[in-house]
Amino acid sequence: MEPFKLIRVHDNQAAIRTALMAGSRFIAGGTNLIDLMKLHIETPKQVVDINKLPFSGIEELPDGGLRIGALVKNSDLAYHPVVIKKYPVLSEALLSGASPQLRNMASVGGNLMQRTRCPYFYNTDFACNKRNPGSGCAALTGYNRMNAVLGTSDHCIATHPSDMCVALAALDATIHVQGTKGSRLIPFGEFHRLPGQTPHVEHSLLPGELITHVDIPGMSYSYRSHYLKVRDRASYEFALTSAAVLLDIRGGRIQKADIALGGVGTKPWRAVPAEKVLNGASADLQTYRAAAEAALSQAKSYKDNAYKIELAKRTLVRALTTAAAIS
Amino acid sequence: MADNPNHPEENDEPKAGTTRRGFLSQLTFAGAGLTLAPLLGAASTKGSEPVLAAAAAAEITTVSLTINGKKHLLSLDSRMTLLDVLREKLSLPGTKKGCDHGQCGACTVLVDGRRINSCLMLAGMCAGLEVTSIEGLANRDQLHPMQHAFLKHDGFQCGYCTPGQICSAIGLVKEGHAHTDAEIKELMSGNICRCGAYQNIVAAIKEVQNA
């Protein structure tokens, strides 16, 4: 690690002020940032410890939704009784990520800010437009079995690694942030950015802005939801493909479906074309297969990852079948 | 337990005027000297400052925390992880450094009763926290039930991952989410054992759960 000043802050304004200094990074759980600092990929001058800020609560909202503090640990959120009962997709997604130790450390805000695990981003011997803008993308012509098939560009094909974010994308979460000009809301779909020509710009936060909490709306049908993750080993591994699904089924017909995919996109991937197929259709295997075809219709594969397109389709069909069977 | 060959740390008693750890640390200093000598020599011939001075100066932070029931006020390089502080500053080498990137679980300790990877936790962020490492589990000569169970069920071979496995297993039992063998395996997946003692570790955990 490069030397840095560790600054502990006790109020939001101090946090935001300190974060505006050049080379500042907030730290909560640190499970991603410290790792990247050890590899000299992140080299902050100031590390701003925000763990004393008052964002560790989970509260139910009047509309039936849930407000989750940015500092809530992944494990506390996953095992929260309301999350288990009303939002199983979120609990399952959290518990499919990392290990129990890491989930005890990692925060919700940090998970939103988690950076890609693309091996060419992690290995500083290779070109990477995220790590070193303009240097090129070694993954494009490298061993890209783990890389994305949706939302890629000629500058970056790195996947977004989070499971939690895939569930939050399907749940239409809203991210609350505070900055020098006050508070604002960012719809989940607008928080993470597509790589385009600027893969190093990964999110929509302004300088100094602090994530304070995440809201998920109340939904009458969110109990009928599921997260399915497919990976190279049974546990403690990033997704090859994953699917977060919520289904509102009445009388055998899908009133509304909320679908997001993981492991395949350069950001947590809301599968709108799949939702269009599902909404109003009969809840059966034929519909699910058509939805899966639609979800991956824009996919583009590279040398080693064509398998992901078929795997993602089957993952989505299985997730929909499982969710539909929940009563 | 003192003569158990599976516990390398137990072999640290002085033998013929030296210890394994003391010997290793001397080797480390000797190795560093060999590496640095040419650099320092080159610097001194130019009459400039030693080459190593070009590296940015360390930032010092102070922190007060409790480790195995004992309070410590420490002045540290802000880069030090909790793992490094335990091993290098407080001479508590029971907690092991495996991958140093949160992937193997060898560094698992309990912080305020919860299992975490000490390699990914800055020590400077542990102000006011209570840390329990493998050295803090036994009550004098009375081993913690999980330590007993690991011995009884042979939950290790080389022993390197064992301190992390035991701390992780204690965390798992306290969390209370593992009710079947499959759930124990899933919730112990953050601890890798290259000797493959997994079945015996599951047996040890079940014994403690059912006690």
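User: Where does helix α5 of chain A lie, and at what angle to β9(A) does it run?

Analyst: The model is predicted. Helix α5 (residues 88-95) of chain A lies across β9 and β10 (241-250) of chain A. Its direction makes about 20° with β9(A).

User: Which sheet has the order that includes β9 and β10, and how are its strands paired?

Analyst: First the general idea: strands of a sheet pair through backbone hydrogen bonds, either parallel or antiparallel. In chain A, four strands form an open sheet in the order β9-β10-β11-β12, and the pairing is antiparallel. β9 (225-230) and β12 (269-270) of chain A are at the edges with a single partner strand each, so one side of each has no neighbour in the sheet.

User: How many bridges pair β11 with β12(A)?

Analyst: Strand β11 (residues 253-262) of chain A pairs with β12(A) over 2 bridges, in the antiparallel sense. A:Leu261 has A:Trp269 in β12(A) as its bridge partner.

User: Which strands make up the sheet with parallel pairing?

Analyst: That is an open sheet of 3 strands in chain A, ordered β1-β3-β2. β1 and β2 (24-27) of chain A are the edge strands, each pairing on one side only. On average, neighbouring strands of this sheet are turned by 25° against each other, direction ignored. Between β1(A) and strand β3 (residues 46-49) of chain A there are 4 bridges in the parallel sense; the partner of A:Arg8 in β3(A) is A:Asp49. Helix α1 (residues 12-19) of chain A packs on the sheet and touches β1, β2 and β3 of chain A, with its direction at about 165° to that of β3(A).

User: What do β4(A) and β5(A) form, and how many residues are between them?

Analyst: They form a hairpin with 5 residues between them, and A:Gly64 in the turn has a positive phi of about 90°. Strand β4 (residues 58-60) and strand β5 (residues 66-69) of chain A run antiparallel and are joined by 3 bridges. One bridge links A:Glu60 to A:Leu66 in β5(A). β5(A) is also joined by 4 bridges to strand β8 (residues 210-216) of chain A, again antiparallel. There, A:Gly69 has A:His213 in β8(A) as its bridge partner.

User: Which residues touch the most other members of the largest nonpolar core?

Analyst: In soluble globular proteins, nonpolar side chains tend to be buried together. Here the largest nonpolar core has 149 residues, and A:Ala167, A:Ala170, A:Val245 and A:Leu316 touch the most other members. This core draws at least three residues from each of domain 1 (1-52) and domain 2 (228-324) of chain A. Neighbours within four places in sequence aside, the contacts of A:Val245 include A:Ala170, A:Ile259 and A:Leu320.

User: How many residues of chain A are in contact with chain B?

Analyst: 22 residues of chain A are in contact with 29 residues of chain B. On the chain A side, β1 (5-8), α2 (33-38) and α6 (100-105) give two or more residues each. α6(A) gives the most, with 5 residues. By type, this side of chain A divides into 10 nonpolar, 7 polar and 5 charged residues.

User: How many helices and strands does chain B have, and what percentage of its residues is buried?

Analyst: Chain B has 6 helices and 5 strands, running α-β-β-α-β-β-β-α-α-α-α from the N terminus on. Of its 211 residues, 35% are buried. Among the contacts in chain B with a separation of 6 or more, 55% are between residues 24 or more positions apart.

Key: Residues numbered from 1 in each chain as written. Chains lettered and ligands numbered in written order. Predicted model: local features only at pLDDT ≥ 70, side-chain atom pairs only at ≥ 80, totals over all residues. Contact = placed C-beta atoms within 7 Å. Nonpolar A, V, L, I, M, F, W, Y, C, P; charged D, E, K, R; others polar. Pairing = 2+ DSSP bridges. Axes fitted to C-alpha atoms, helices over the stretch in contact; angles between N-to-C directions. Core = buried A, V, L, I, M, F, W, Y, C linked by C-beta atoms within 7 Å. Buried ≥ 20, exposed ≤ 12 C-beta atoms within 10 Å, placed from the backbone. Domains from an automatic or database assignment.
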